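Me: I'd like to learn how to read aromatic pairs and sheet packing in a model. Could you walk me through an example?

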Amino acid sequence: GSFLVGAAAALKCQCDTIGFLGGKKGTGLIEKFQAGYEQGAAQINPNIEVIGEYIGDDTTAFNDPVKGEELSTKMYDDGAEIIYHAAGASGAGLFNAAVEADKLAIGVDSDQYLTASPEQQPLILTSMLKRVDVAVFNAIEAVGSGSLGASQVFGMAEDGVDYATSNPEELTADITEQLDEFKQQ
């Protein structure tokens with residue numbers, strides 16, 4: 001999913017610099033979001049620079065929108081045209097910074113366009129979706145059929161991750177066509 005939104009960022013801005021705002025650093029999990037984002041952007045522009053900032057090294061990093069806004073503003077000031085966050089509630093700071101900078105942002109986990117303020121919505125290019133609805137449906141179906149057993153993986157092939165399309169003014173059809181090609185690959 002992060003690969004797809006990285007490709008979306010590079011396709012949209014056709015620029016040399018984008019940003020990544022992470023929550024807690026050091027566990028490897030959020031770094032995987034950053035790595036996927038970087039890979040997707042590099043697929044479009046091998047020379048793109050991704051500025052990365054992390055809020056902290058403990059779980060409070062996911063609940064500090066003030067620091068999220070501060071670090072996002074710094075990245076926009078340093079030339080990032082679009083910033084993707086994997087920072088939990090701290091990501092709300094990114095959307096505030098996007099409004100102040102009049103630049104684009106990318107949400108995570110759910111379609112954050114749907115919960116953003118009217119002034120933030122036009123600046124949310126897309127969101128990387130964790131399709132929890134698919135996982136819950138499949139689990140219920142497995143229980144009903146008596147086939148619930150070992151753990152399951154919900155990756156791209158299983159429709160476990162995706163990207164949001166709620167802002168077609170920014171995430172235009174030419175971009176979604178290319179992202180859908182990546183999904184098939």
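Reply: Happy to! Keep in mind that this is a predicted model. Let's start with the rings: the count comes to five aromatic pairs.

Me: How is a pair of aromatic rings described?

Reply: In general, one gives the distance of the centres and the angle of the planes. Here, Phe-20 and Tyr-37 make a tilted pair, 6.3 Å centre to centre with 40 degrees between the planes.

Me: Why is the pair of Phe-20 and Tyr-84 edge-to-face?

Reply: The planes of these two rings stand at 65 degrees, with the centres 5.7 Å apart, so the pair counts as edge-to-face; the cut-off is over 60 degrees. Phe-20 belongs to strand S1 and Tyr-84 to strand S3, 64 residues apart.

Me: Are Phe-20 and Tyr-84 buried or exposed?

Reply: Phe-20 is buried, at 0% relative accessibility, and Tyr-84 is buried with a relative accessible area of 0% as well. Phe-20, Tyr-37, Tyr-54 and Tyr-84 form one aromatic cluster.

Me: What about the sheet: in which order do the strands come?

Reply: As a general idea, strands of a sheet pair through backbone hydrogen bonds, either parallel or antiparallel. In this model, six strands form an open, mixed sheet in the order S2-S1-S3-S4-S5-S6. Its edge strands are S2 (49-56) and S6 (161-163). S4 and S5 pair in the parallel sense over five bridges, and Gly-107 stands opposite Ser-127 in S5.

Me: Which strands does helix H2 touch?

Reply: Helix H2 (residues 29-44) packs on the sheet, touching S1, S2, S3, S4 and S5. Its direction makes about 165 degrees with that of S1.

How values were computed:
Residues numbered from 1 in each chain as written. Predicted model: local features only at pLDDT ≥ 70, side-chain atom pairs only at ≥ 80, totals over all residues. Heavy atoms only, no water. Pairing = 2+ DSSP bridges. Helix = DSSP H or I, 4+ residues; strand = E, 2+ residues; numbered from the N terminus. Contact = heavy atoms within 4.5 Å. Axes fitted to C-alpha atoms, helices over the stretch in contact; angles between N-to-C directions. Phe/Tyr/Trp six-rings, centres within 6.5 Å; stacked < 30°, edge-to-face > 60°. Buried < 20%, exposed > 50% of the residue type's maximum accessible area, 1.4 Å probe, protein only.
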